[in-house]
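Please keep the picture in view while I talk.

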Amino acid sequence: MSDTTEPPGPQEPSLDEQIAAYQREFRDLDPQVEQVVSALGRLNRRMNVAYGRQVAALGISNAEWEVLKTLVLAGTPYRLGPGELAKRLGLTPAAMTHRIDRMASEGLVTRDRDENNRVRVIVELTDEGRTKWLEAMRMASDFEEDLLQDLTSDERGVLGDMLIRLLRRVEHAQPDAGGRLTDLG
């Protein structure tokens, strides 16, 4: 019997190893800053992988999840024009059209002419799309609760406040970088 399992690829260095290598090559590096930034980057990558696996288990892609989320964030009746969807997601109109075509064929959204302006197209979340969004949210909520289980309520609040401060700094410095949130309070 042969083993067809591939050996794992090279392991990512630990944060300490990474920072030591950076300091060796760039002596002006502040190790505390690098620890925070590197940990945030790794956490973001790993969370994205986990979310990707969750939505894949539901039969949708991360790209489709982003559209569902954007329609839900628009509020009832969960409708937007393709141009507005593309703008909110940072996509070209052609990429948005391709995504909407695929999602409409899967029954996640509908695409119809606006009754008040027959030239305008409206993309609307279907019941199936909303069901997929809700299930993805349930899975994400469980994952996020597990992720933060070792932090007290106060620690979660402090961490949240600190991360929002960092986010605001980046948004101020890079206002055209996308993902701008105006509802952070």
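Is Glu12 buried, partly exposed or exposed, and at what relative accessibility? With a relative accessibility of 36%, Glu12 counts as partly exposed, because the partly exposed class runs between the buried limit of under 20% and the exposed limit of over 50%.

Let me start with the confidence values. The mean pLDDT of the chain is 89, and 90% of its residues reach 70 or more. Among the elements of the chain, helix H6 has the highest mean pLDDT, at 96, while strand E3, covering residues 117–125, has the lowest, at 88. One stretch calls for caution, namely residues 179–185, where pLDDT stays under 50, although the model has eleven contacts there beyond four places in sequence. Where pLDDT is low, the predicted coordinates should not be read in detail.

Now to the charged residues, where a search of the whole structure finds twelve salt bridges. Glu12 takes part in a salt bridge with Arg42, in which the closest N and O atoms are 3.4 Å apart. That pair links distant parts of the chain, since Glu12 sits in the segment before helix H1 (15–25) and Arg42 in helix H2, 30 residues apart. Arg42, at 11% relative accessibility, counts as buried. The side chain of Glu12 also meets that of Arg45 in a salt bridge, at 2.5 Å from N to O. Because Glu12 lies in the segment before H1 and Arg45 in helix H2, this pair ties together parts that are 33 residues apart in sequence. Arg45 counts as partly exposed, at 42% relative accessibility.

A further bridge joins Arg102 to Glu64, with the closest N and O atoms 3.4 Å apart. Here too the pair links distant parts of the chain, with Arg102 in helix H5 and Glu64 in helix H3 (residues 62–73), 38 residues apart. Arg102 is partly exposed, with a relative accessible area of 28%, whereas Glu64, at 3% relative accessibility, counts as buried. Returning to Glu12, salt bridges that share partners join Glu12, Arg42, Arg45 and Arg46 into one network.

Arg99 lies in helix H5, residues 93–105, and, not counting residues up to four places away in sequence, Arg99 touches Ala63, Val67, Leu89 and Leu91. Glu34 is another, being buried without a salt bridge, with Arg42 as the nearest side chain of opposite charge at 8.4 Å. Glu34 belongs to helix H2, residues 31–57, and, leaving aside its neighbours within four places in sequence, Glu34 is in contact with Gln18, Ile19, Tyr22, Leu29 and Ala39.

I will finish with the nonpolar side of the surface. Val33, Val36, Val37, Leu40, Val158, Leu159, Met162, Leu163 and Leu166 form a nonpolar patch there, with about 700 Å² of accessible area together. The elements that give two or more residues to this patch are H2 and H7, and H7 gives the most, with five residues.

The place of Leu151 is the loop between helix H6 (127–147) and helix H7 (153–173), and at 30% relative accessibility Leu151 counts as partly exposed. Finally, Leu151 and Arg111 are 40 residues apart in sequence and 44 Å apart in space, C-alpha to C-alpha.

Methods. Residues numbered from 1 in each chain as written. Predicted model: local features only at pLDDT ≥ 70, side-chain atom pairs only at ≥ 80, totals over all residues. Heavy atoms only, no water. Helix = DSSP H or I, 4+ residues; strand = E, 2+ residues; numbered from the N terminus. Contact = heavy atoms within 4.5 Å. Buried < 20%, exposed > 50% of the residue type's maximum accessible area, 1.4 Å probe, protein only. Lys, Arg positive; Asp, Glu negative; His and termini not counted. Salt bridge = Lys/Arg side-chain N within 4 Å of Asp/Glu carboxyl O. Patch = residues over 30% accessible without salt bridge, like charges linked within 9 Å, V, L, I, M, F, W, Y side chains within 5 Å. Areas by Shrake-Rupley, 256 points an atom, 1.4 Å probe, with all protein chains shown as cover. pLDDT = per-residue confidence, 0-100.
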